Amino acid sequence: MAEAAAAVAPAKLGLYSYWRSSCSHRVRIALNLKGLEYEYKAYLEDKYPEHPLLPQDLKMKALNLQIASIVCSGIQPLHNLTVLRFIEKKAGTGESIPWTQQQIDRGFTAAENLVKGCAGKYATGDEVRLADVFLAPQIYAAMTRFQINMLNYPTLARLHEEYMKHPAFQAALPDRQPDAPSST
């Protein structure tokens, strides 16, 4: 029986990656540490062009990338527990939430100004794009973890309502994941 199991080689994992991505870098390290072989695959958008996350229009493509950049460099890092603990240590107990709220407000102000003139059903039109993939988790976390008042961001608030109706976004909610702590 053991010989039969050993004879079946495990399927090689596929890693959709970007060489400069620090997130992909971490995944590559973890796979290497576990001794798991993987096939490096170029960016997901290139491999699966159906349902594109980036529009063909260069201006709209740049807008999606700009919104993604605001989220990944100006908002998302502040959601990490290590950063929040550092703020508490340096600024004092209870200071991480107000400080993080201020930074989220700055990022949301920029994002709101970018999308308010071009948003359709979603951030940059009537199709889900990269900007939505970046905005949805940050809006969700801002509302649930950091008590951000979304009245200041009517377009982002409306987008959040649309995201919560979409099956792909619903299925990705943190509390629906198998490793999420139970509420009981």
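Modeller: Helices, of at least four residues, and strands, of at least two, are taken here as DSSP runs numbered from the N terminus. Please note also that this is a predicted model.

Biologist: How many helices and strands does the protein chain have?

Modeller: From the N terminus on, the elements run α-β-α-β-α-α-α-α-α-α-α. The secondary structure of the protein chain therefore comes, with helices and strands taken as DSSP runs, to 9 helices and 2 strands.

Biologist: What percentage of the residues in the protein chain is buried?

Modeller: The accessible surface of the chain comes to about 12200 Å², and 58% of that surface belongs to carbon and sulfur atoms. Among contacts with a separation of 6 or more, 63% join residues 24 or more positions apart. Of the 184 residues in the chain, the buried ones make up 32%.

Biologist: Is L15 buried or exposed?

Modeller: L15 lies in strand β1, residues 13-16. Leaving aside neighbours within four places in sequence, L15 is in contact with V27, R28, L31, Y38, E39, Y40 and K41. Its C-alpha is 9.3 Å from that of Y43, a residue 28 positions away in sequence. Because its relative accessible area is 9%, L15 is buried.

Biologist: Why does Q103 count as buried?

Modeller: Q103 is found in helix α6, residues 96-115. Apart from neighbours within four places in sequence, Q103 is in contact with G74 and L78. The cut-off for a buried residue is under 20% relative accessible area. Q103 therefore counts as buried because its relative accessibility is 15%.

Biologist: What is the relative accessible area of T124?

Modeller: T124 lies in the loop between α6 and α7. Its contacts beyond four places in sequence are M60, L63, N64, I67, C118, R129 and A131. T124 is buried, because its relative accessible area is 10%.

Biologist: Which helices do the buried residues of α7 pack against?

Modeller: Helix α7, residues 130-144, has 15 residues and reaches 22 Å from its first C-alpha to its last, close to the 21 Å expected at 1.5 Å a residue. Its buried residues are L130, A131, D132, L135, A136, Q138, I139, Y140, A141 and A142. These residues pack against α4 (58-75), α6, α8 (154-165) and α9 (167-171).

Biologist: How far apart are the end C-alpha atoms of α8?

Modeller: In α8, the buried residues are T155, L156, A157, L159, H160, E162 and Y163, and they pack against α6, α7 and α9. The 12 residues of α8 should span 16 Å at 1.5 Å a residue. The expected span agrees with the distance between the end C-alpha atoms, which is 17 Å.

Biologist: Which element gives the largest share of the lining of the second largest pocket?

Modeller: The second largest pocket has a volume of about 660 Å³. The elements that give two or more residues to its lining are α7 and α9. With 7 residues, the largest share comes from α7.

Biologist: How many residues of that lining are nonpolar?

Modeller: The second largest pocket is lined by 24 residues, of which V133, A136, P137, F169 and A172 lie nearest its centre. The lining includes 3 charged and 6 polar residues, and the number of nonpolar residues is 15.

Key:
Residues are numbered from 1 along each chain as its sequence is written. This is a predicted model: local features need pLDDT of at least 70, side-chain atom pairs count only at pLDDT 80 or more; totals for chains, interfaces and linings use all residues. Side-chain values use heavy atoms; hydrogens and water are left out. Buried means under 20% relative accessible area, exposed over 50%, partly exposed in between (1.4 Å probe, protein chains only). Contact means heavy atoms within 4.5 Å. The expected span of a helix is 1.5 Å times one less than its number of residues. Accessible areas come from the Shrake-Rupley method with a 1.4 Å probe; for residues, only the protein chains shown count as cover. On a 1 Å grid over the protein atoms alone, a cavity is a set of points where a 1.4 Å probe fits but cannot get out, and a pocket is an open set with protein on both sides within 12 Å along at least five of seven lines; lining residues have an atom within 4 Å of a point. Grid points are joined across faces, edges and corners, and a volume is the space filled by probe spheres set on the points. Ala, Val, Leu, Ile, Met, Phe, Trp, Tyr, Cys and Pro count as nonpolar, Asp, Glu, Lys and Arg as charged, and the others, Gly among them, as polar.
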